[in-house]
Amino acid sequence: MARLSSVILAALLLSAACFEAPALAFQLAGALQKAQDEKRLTPEEAAGIESGIHEAGAQELPQAPFEAKVEEGLAKRVPGPAIIQALKTMRGDYAFARDVLARGGTSPSPDDIAQTGESLRLGLTRQQLEEMAEIEPAAPPSMLATAARTRAGLNAVGFPQSLADGILRAGLSSGFLAPGWDQLFRVVQRTRAAGLPDAAVAAAAARIMADGGGPSELLQELGLTGRDTRQSPGEANKM
């Protein structure tokens, strides 16, 4: 379980990086052809993969994450049918994320859709996303995307649901849920290593969010520094 959580956290960190669509598209074409040349993909499977990516574009979803997913699958020698199924599941998560983010009347950016879609794939439930969207219906998509990433990270480290609910409610209601809060799971890792209870961290985070503060204020209140939260997932448990 600990290993799985570390994998999820690592994926959350990686998914924060920007996708370079043109470069990925060029690389993907070469990777698909190479896989066919090596008999790891049939022409039909390669066509199915390309169709899955094009369908994401037709649904107005950002294509670069789908191309990156295929690149990853090919690099790991995942069978073609499994890649096609993964793309289908991914489209469902991204489409759901897009629709929830757009409920406030503002069109979400491709990055907001990608980050929220990845959060759903990495531990955030659809019910949790919908519940957060209902807290502050007028919240901008970027803030809800930050909430999604924050909650996914807390889920990954096994943070109590009721405490996570209180933190995100405070952040969304106050309108001060800044992007830096999506690294809250790192603070939790460090405070647990220091012996601080989750309830104390949740109370401090909710109070600081409600007052318009950011992660730096939380670190200061808890007696930590930025260096304490720049460890790779899992390192806090080694201290």
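Student: Why does Glu60 count as exposed?

Tutor: This is a predicted model, and in it Glu60 has a relative accessibility of 66%. The cut-off for exposed is over 50%, so Glu60 counts as exposed. You'll find Glu60 in the loop between H3 and helix H4 (64-75), with a positive phi of about 60° although it is not a glycine.

Student: And what makes Lys39 exposed?

Tutor: Run the reasoning again: Lys39 is at 73% relative accessibility, and exposed means over 50%, so Lys39 counts as exposed. Lys39 is found in the loop between helix H2 (21-37) and helix H3 (43-58). Its phi is positive too, near 65°, in a residue other than glycine.

Student: Why are H9 and H11 called roughly parallel?

Tutor: Helix H9 (residues 161-174) and helix H11 (residues 198-210) pack at an angle of about 5°. Angles under 35 degrees count as roughly parallel, and therefore this pair is roughly parallel. Their axes are 8 Å apart.

Student: Which residues of H9 and H11 meet?

Tutor: On the H9 side they include Leu163, Gly166, Ile167 and Ala170, and on the H11 side Ala202, Ala205, Ala206 and Met209 are among them. By class, the contact has nine nonpolar, three polar and one charged residues.

Student: What makes H6 mostly covered?

Tutor: Nine of the 12 residues in H6 are buried, where buried means under 20% relative accessible area. Among them are Ile113, Ala114, Gly117 and Leu120. Helix H6 (residues 110-121) reaches 16 Å from its first C-alpha to its last, close to the 16 Å expected. After H6 comes Gly123, with a positive phi near 125°.

Notes. Residues numbered from 1 in each chain as written. Predicted model: local features only at pLDDT ≥ 70, side-chain atom pairs only at ≥ 80, totals over all residues. Heavy atoms only, no water. Helix = DSSP H or I, 4+ residues; strand = E, 2+ residues; numbered from the N terminus. Expected span 1.5 Å × (residues − 1). Buried < 20%, exposed > 50% of the residue type's maximum accessible area, 1.4 Å probe, protein only. Axes fitted to C-alpha atoms, helices over the stretch in contact; angles between N-to-C directions. Parallel < 35°, antiparallel > 145°, perpendicular 65-115°, else oblique. Contact = heavy atoms within 4.5 Å. Nonpolar A, V, L, I, M, F, W, Y, C, P; charged D, E, K, R; others polar.
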